[in-house]
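Keep the viewer open while you read.

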Amino acid sequence: MFKILLTLTTLIGFLISASSHTCKACHPTIYKEYRSSIHANSSIYNDKIFNAVWSKHPLKKEGKFKCAKCHTPNDKALIAGKSKLQPNNIQKSEPISCQNCHQIKDIHKGKFTNENIYLKKDKYFYSANPDKKGQKVVFKKTSSLFGLLESTTGSPYHDIDYSNENYYNGNSCLGCHSHKKIKNGFEVCSLEVKKSKHSKKTCTTCHMPKTLGSFVNLKNSKTHSNHAITLRGDAYKELAKYIDLNISKNNNNNSAIITVKNQANHALFVHPLRLGQLRISINGKVVKTINFHRVIGKDGKPSMPWLANSVLKDTTIKAFERKTFKIALKQGEKVDVTLGYYLVNPKAAKKLGIKDKTLREFRVLKSIEE
Ligand code: HEC
Ligand code: HEC
Ligand code: HEC
Ligand code: HEC
Ligand code: HEC
């Protein structure tokens, strides 16, 4: 059985090399999560927001798609400028493949963006496993009891390298997720990642939490690292536990302090399209809305990112930051607060002609009552 599986998967691997489909045979749970993630849907064909922005982008008219190295790195020909935007299998169904994330040898810091330095070796993947840290595992079969019992270590399809530090400290995410500057040198986007002595949590702790289900079907591990890593669907709600929200009333009950504390090592709601909001209600009626966003523009007016040259306003919640807000109260009034965000600021959604309701709704991260 094992031999058949092995031949079959090697054959599939041969037919469609460098495809995430190859991994599906042995890593079905992770494959399924990956399929639902934004990383498997980051091309203009599946991401309506990205598509809407691209259709207004001046580079579109020039026919120069310069977004591929992060949004469609799996299409090598597209990156090399040798092929076009087209709904082929790669761009449609695996713009960022398993290999794109598991073969990042190093990350070079760059002025405009960082660069992923990819390993040029087939079937050799980096991974993180604290118990095996430092090891390089090649497939081995060992028999005991005169060949009656056979056991295997490693993967029959690929080598595994547990020694790449970038997979332990979250840096493997930062070739694409760190920052982006445009031609005039203006930084349109930055996650503003910070180090802290007090938090050991890295990107994977929060965005790839251990979830029930084996990571490979040839072994029976209890859990695997979740690959849904997405803020689409309902998965984003899982992240709310990393934002503390609190209401405390003063002794006279004539005011309340609302506290928002970001536990993440990066700023929240940083993408220029996002709009975070804290809605404060008294007796069930919203009395105050606080916006968290980074407004960029030109000559003092908000503009599309490719025209921007300055930050007009920055009220994003920085890494580990605690923000407090005071509200006056009358005797007997009750306070409740809701923290959430729009993927696309409603004003921008209108300009971009984004009609899809699920992309326009206010997404609640957390709601609390006093
Ligand atoms: C090869 C580039 C690349 C790598 C490596 C990468 N990402 Fe992404 N990621 C993207 C792109 C591009 C998007 C946006 C896709 C879109 O919206 O169309 C994205 C989206 C996301 C989102 C959703 C953001 C949102 O606002 O919807 C999260 C969360 C995320 N990535 C986390 C991670 C984590 C954690 C890692 C490391 C384990 C990682 N990414 C590695 C390119 C990458
Ligand atoms: C250096 C890597 C990189 C490059 C190059 C890049 N992007 Fe992105 N882009 C990202 C990442 C990472 C995200 C997710 C960011 C987040 O949510 O904070 C993203 C998100 C987006 C989003 C929001 C998508 C959504 O669904 O919310 C749009 C729109 C977008 N990018 C447009 C572009 C365009 C247009 C280009 C090319 C002109 C481009 N990007 C080039 C990394 C990149
Ligand atoms: C023929 C089955 C098979 C195929 C196909 C396969 N793998 Fe694996 N993979 C395994 C096995 C078995 C292990 C566990 C090895 C061990 O624990 O010693 C593994 C382990 C891994 C690990 C490391 C897990 C850890 O312990 O941290 C990564 C990463 C990985 N595979 C990625 C991939 C990717 C990406 C693909 C597709 C290109 C793929 N695999 C295709 C069988 C397979
Ligand atoms: C302590 C937990 C935690 C850690 C560590 C963490 N994140 Fe996040 N991340 C969050 C929370 C909470 C959000 C907000 C959820 C939302 O927007 O739905 C978020 C949002 C994001 C977004 C969307 C940003 C946007 O524009 O709205 C991206 C992209 C992202 N994280 C990537 C990363 C990367 C890359 C790392 C590692 C450098 C990382 N995260 C580390 C908790 C964490
Ligand atoms: C956005 C980047 C990204 C993509 C895409 C991605 N992985 Fe991973 N994967 C990682 C990182 C980072 C880790 C280490 C996670 C950790 O430290 O918990 C990991 C861990 C794993 C592991 C070990 C799991 C465990 O439970 O320890 C396997 C196996 C794996 N990935 C297979 C795959 C396969 C198969 C695909 C495609 C279907 C894939 N990965 C796509 C970044 C990615």
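## Iron sites, ligand shells and rings

His266 is buried, with a relative accessible area of 16%; here buried means under 20% relative accessible area, exposed over 50% and partly exposed in between, using a 1.4 Å probe and protein chains only. Before going on, some housekeeping: this is a predicted model, where local features need pLDDT of at least 70 and side-chain atom pairs count only at pLDDT 80 or more, while totals for chains, interfaces and linings use all residues. Residues are numbered from 1 along each chain as its sequence is written, chains are lettered from A and ligands numbered from 1 in the order in which they are written, and side-chain values use heavy atoms, with hydrogens and water left out.

Back to His266. Together with His207 it coordinates the iron atom of ligand 4, each through NE2, at 2.0 Å. Donors are N, O and S atoms within 2.8 Å of the metal (3.2 Å for Na, K and Ca), and water is not among the atoms, so sites may look incomplete. The 6 donor atoms of this iron make angles of 87 to 179°, and the site is octahedral. His207 sits in helix α11 (residues 203-207) and His266 in the loop between β13 (255-262) and β14 (275-282), so the pair ties together parts 59 residues apart in sequence. Helices (H or I, at least four residues) and strands (E, at least two) are DSSP runs, numbered from the N terminus. His207, at 29% relative accessible area, is partly exposed.

The iron atom of ligand 5 has His102 (NE2) and His227 (NE2) as its protein donors, 2.0 to 2.1 Å away. His102 counts as partly exposed at 25% relative accessibility, whereas His227 counts as buried at 17%.

Now for the shells. A residue is near a molecule or strand if one of its heavy atoms lies within 4 Å of it. Ligand 4 is surrounded by 25 residues, the closest being Cys203, Cys206, His207, His266 and Tyr341. Helix α11 gives the most to that shell, with 3 residues. By class, the shell has 16 nonpolar, 7 polar and 2 charged residues. Ala, Val, Leu, Ile, Met, Phe, Trp, Tyr, Cys and Pro count as nonpolar, Asp, Glu, Lys and Arg as charged, and the others, Gly among them, as polar.

Around ligand 2 there are 16 residues, and Asp47, Cys67, Cys70, His71 and Arg274 come nearest. That shell holds 7 nonpolar, 5 polar and 4 charged residues. Helix α4 gives the most, with 3 residues.

The table lists polar contacts, meaning pairs of N or O atoms within 3.5 Å; within protein, one must be able to donate a hydrogen and the other to accept it, and residues adjacent in sequence count only if both atoms are side-chain atoms.

| Side chain | Ligand atom | Distance |
|---|---|---|
| Asp47 | oxygen of ligand 2 | 2.8 Å |
| His71 | nitrogen of ligand 2 | 3.0 Å |
| Arg274 | oxygen of ligand 2 | 3.0 Å |
| His207 | nitrogen of ligand 4 | 2.8 Å |
| Arg274 | oxygen of ligand 4 | 3.5 Å |
| Tyr341 | oxygen of ligand 4 | 2.7 Å |

Tyr341 also turns up among the rings: ring pairs link Phe269, Phe292, Phe325 and Tyr341 into a cluster. Rings of Phe, Tyr and Trp (its six-membered ring) pair if their centres lie within 6.5 Å, with planes under 30 degrees apart counting as stacked, over 60 as edge-to-face and the rest as tilted. Phe269 has a positive phi of about 60° although it is not a glycine, and it is buried, with a relative accessible area of 10%.

Terms used: Tetrahedral: all angles 85-135°; square planar, octahedral: opposite > 155°, others 65-115°.
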